[in-house]
Amino acid sequence: MTIVRPRAAVLATIGAIAIASGAYFDWLGNRSPQQVRLQELLTRPEVKDLTGQTLNYWTSMAAPLAVAGAIGILGALLLVRVLLWLSFLLGAATVGLWVVRIAFANGAGQFGVADLQPGAWIAAGGLLLVLIGAAALRRRAATDEEAGEYPTTQAYEAA
């Protein structure tokens, strides 16, 4: 019999909530993920492209972060590691594309870690928690005392 590690599920849940909530805070300057078009993350970087306002939430960078958070919460509540890994990969890809986009648009020398606002740190911390939770969610073998099992007759015969 095996026992699921509940602390790992709690960590993953907190991390998934952080990924989703990171989409609603500013990331760089006064720009939040709701103001960055998702299409801009996948196209050739130009400085002028990053200043446009996104009117539709589902075409903004906030949408994949919210979806990653929802998948992570579902995976943590159902104790499904595959969903947690999917949540981590979706969130990491979105954050990674954004970092590459900003670094190329501003030049590698002009982009500093000190320029990041709370939203980016919340999302990055959430990704780390989901990663730790997904890795630690594996099942472990239960001892006889934890499982409430008593030694069988085979154990008595061997002694």
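What pattern does the protein follow when it is read along the sequence? The answer is β-α-α-α-α-α-β-α-α, a run built from seven helices and two strands. Keep in mind as you explore that this is a predicted model.

**The whole protein**

Let's start with the overall picture. Of the 159 residues in the protein, 37% are buried. The accessible surface comes to about 9,400 Å², and carbon and sulfur atoms hold 64% of that surface. Now look at contacts with a separation of 6 or more: residues 24 or more positions apart account for 74% of them.

**How confident is the prediction?**

Across the protein, the mean pLDDT is 81, and 74% of the residues reach 70 or more. Two helices mark the ends of the range among the elements, with H6 the lowest and H3 the highest.

| Element | Mean pLDDT |
|---|---|
| Helix H3 | 95 (highest) |
| Helix H6 (residues 144-147) | 51 (lowest) |

Where pLDDT is low, the predicted coordinates should not be read in detail.

**A closer look at leucine 65**

Is leucine 65 buried or exposed? Leucine 65 counts as buried because its relative accessibility is 0%, and the cut-off for buried is under 20%.

Which residues does leucine 65 touch, leaving aside those up to four places away in sequence? Its partners are Ile19, Ala20, Ala23, Trp27, Pro33, Gly91, Thr94 and Val95.

Conventions: Residues are numbered from 1 along each chain as its sequence is written. This is a predicted model: local features need pLDDT of at least 70, side-chain atom pairs count only at pLDDT 80 or more; totals for chains, interfaces and linings use all residues. Side-chain values use heavy atoms; hydrogens and water are left out. Helices (H or I, at least four residues) and strands (E, at least two) are DSSP runs, numbered from the N terminus. Buried means under 20% relative accessible area, exposed over 50%, partly exposed in between (1.4 Å probe, protein chains only). Contact means heavy atoms within 4.5 Å. Accessible areas come from the Shrake-Rupley method with a 1.4 Å probe; for residues, only the protein chains shown count as cover. pLDDT is the predictor's confidence in each residue, from 0 to 100.
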